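Have the coordinates open and follow along.

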Amino acid sequence: MDGLAPDLMKAFWAFDHAAVAEGAIPVKYKELIAVAVALTTAMPLLHQHPQRQCSQAGATDTEVTEAAMVAASLRAGAAVTTRLTRC
């Protein structure tokens, strides 16, 4: 895609890097959020990248696991509440 839409991809990559840069939320927490979002949206190829980034940002395996469990609870909660509202 970089070769097919270079200007757009340059802008995307700049945004992508800025979104996870140090700010009011530390990088480690942003990377944990990324793991949870990737798992919640069921993007199997994308959740491996945030997990590596989490490790590089200092997150422990336990923290990554807890982020994954938050994602699991949100997906389960969505299934339960969707089912309850249809009864």
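Start on the outside: Ile25, Tyr29, Ile33 and Val37 make up a nonpolar surface patch that together has about 370 Å² of accessible area. A patch here takes residues with over 30% relative accessible area and no salt bridge, joining nonpolar side chains (Val, Leu, Ile, Met, Phe, Trp, Tyr) within 5 Å and like charges within 9 Å. The areas themselves are Shrake-Rupley values with a 1.4 Å probe, and for residues only the protein chains shown count as cover. (Buried is under 20%, exposed is over 50%, and partly exposed lies in between, using a 1.4 Å probe and protein chains only.)

A word on ground rules: this is a predicted model, where local features need pLDDT of at least 70 and side-chain atom pairs count only at pLDDT 80 or more, while totals for chains, interfaces and linings use all residues. Numbering runs from 1 along each chain as its sequence is written, and side-chain values use heavy atoms, with hydrogens and water left out.

Zooming out, the protein has four helices and zero strands, giving the pattern α-α-α-α along the sequence. Helices are DSSP runs of H or I with at least four residues, strands are E runs of at least two, and both are numbered from the N terminus. Of the 87 residues, 16% are buried. The protein exposes about 6400 Å², with carbon and sulfur atoms supplying 66% of that.

Now for the charges. The structure holds one salt bridge, meaning a side-chain nitrogen of Lys or Arg within 4 Å of a carboxyl oxygen of Asp or Glu. Lysine 28 pairs with glutamate 63, their closest N and O atoms 2.9 Å apart. Lysine 28 is in helix H2 and glutamate 63 in helix H4 (residues 61–86), so the bridge ties together parts 35 residues apart in sequence. Glutamate 63 is partly exposed, with a relative accessible area of 25%.

(Lys and Arg count as positive, Asp and Glu as negative; His and chain ends are not counted.) A polar atom of the lysine 30 side chain does lie 3.3 Å from the backbone oxygen of alanine 19.

How values were computed: Polar contact = N/O pair within 3.5 Å; in protein donor to acceptor, adjacent residues only side chain to side chain.
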